[in-house]
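This report examines selected elements of a predicted model. Please consult the sequence and coordinates shown below while reading.

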Amino acid sequence: MSKTIRIFVPIFLFLLIASAYLSPFIETSERISNDVFRLHILANSDSKDDQNLKLKVRDAVLEKGREIFLNCSSLNEVIAAGKSNIELFADTARRCIRENGYNYDVRVYVDHEYFNTRAYENITLPGGIYNALKIEIGEAKGKNWWCVMFPAICLSAVTESEMDKYLDDEEIQLINSDEKYEIRFKIVEIYEKIKSKIS
């Protein structure tokens, strides 16, 4: 048996077993990744000052995003609005950086990237490939920060009724699930990571 076959047989078996055992959970997780739009910011470095700057850029970009996505009612509309306002987001980030005494360059784009399972306050988002507004500050070698721009989970003003507009009951239940789903989240994370690398 060749080395390639020895590598891919266990991967294939894992995907087959995972999809059979956790099919409804995986399907709901993948629907979530197709219903939300994330914000992903990478700081220049891990220094305290650069990390603080990252959070200030986050706040400025979230406020701008609130205006831009206000009338969006679907992910497709959000992606289109994000792409057509790249320069506006970049200008917002640059202005914040300059106002805080730094001269870092900024790169902003709408990306389709893999995220590990992440917990944010009272919700957990399963691992998977998500659409995101990605902002790289300076060398972008520092710790990243993420949240969900749409629906506006990043913003404290978001209400349960607003969430219900965009996510179905199964999706709401999954992101609000507790630690009893921890193993399932981990299996889905491995499953989605393998799928993203194969694709």
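S1 pairs with two strands. With S5 it runs parallel, and 6 bridges join the two; leucine 39 has leucine 133 of S5 as its bridge partner. With S6 the pairing is antiparallel, again over 6 bridges, and here isoleucine 41 is placed opposite tryptophan 145.

## Helix H5

Helix H5 covers residues 86–99, a run of 14 residues.

The buried residues of H5 are Ile86, Phe89, Ala90, Thr92, Ala93, Cys96 and Ile97. Viewed down the helix axis, these buried residues fall within an arc of 160°, and they therefore line one face of H5. Their packing partners are H3, helix H4 (75–84), strand S2 (106–115), strand S5 (128–137) and strand S6 (144–150). S5 and S6, both of which pack against the buried residues of H5, are also strands that pair with S1, S5 in parallel and S6 in the antiparallel sense. Just after H5, glycine 101 adopts a positive phi of about 85°.

## Aspartate 50 in helix H3

Is aspartate 50 buried or exposed? Its relative accessibility is 4%, so aspartate 50 counts as buried. The residue belongs to helix H3, which extends over residues 48–68; H3 is also among the elements against which the buried residues of H5 pack.

With neighbours within four places in sequence set aside, aspartate 50 is in contact with Ala43, Asn44, Ser45, Tyr102 and Tyr104. One of these, tyrosine 104, makes a polar contact through its side chain with the side chain of aspartate 50, at 2.7 Å. Aspartate 50 and isoleucine 137 are separated by 87 residues in sequence, yet their C-alpha atoms are 9.0 Å apart in space.

Conventions
Residues are numbered from 1 along each chain as its sequence is written. This is a predicted model: local features need pLDDT of at least 70, side-chain atom pairs count only at pLDDT 80 or more; totals for chains, interfaces and linings use all residues. Side-chain values use heavy atoms; hydrogens and water are left out. Helices (H or I, at least four residues) and strands (E, at least two) are DSSP runs, numbered from the N terminus. Buried means under 20% relative accessible area, exposed over 50%, partly exposed in between (1.4 Å probe, protein chains only). Contact means heavy atoms within 4.5 Å. A polar contact is a pair of N or O atoms within 3.5 Å; within protein, one must be able to donate a hydrogen and the other to accept it, and residues adjacent in sequence count only if both atoms are side-chain atoms. The expected span of a helix is 1.5 Å times one less than its number of residues. The arc is that of the directions from the helix axis to the C-beta atoms. Two strands pair if DSSP finds at least two bridges between them.
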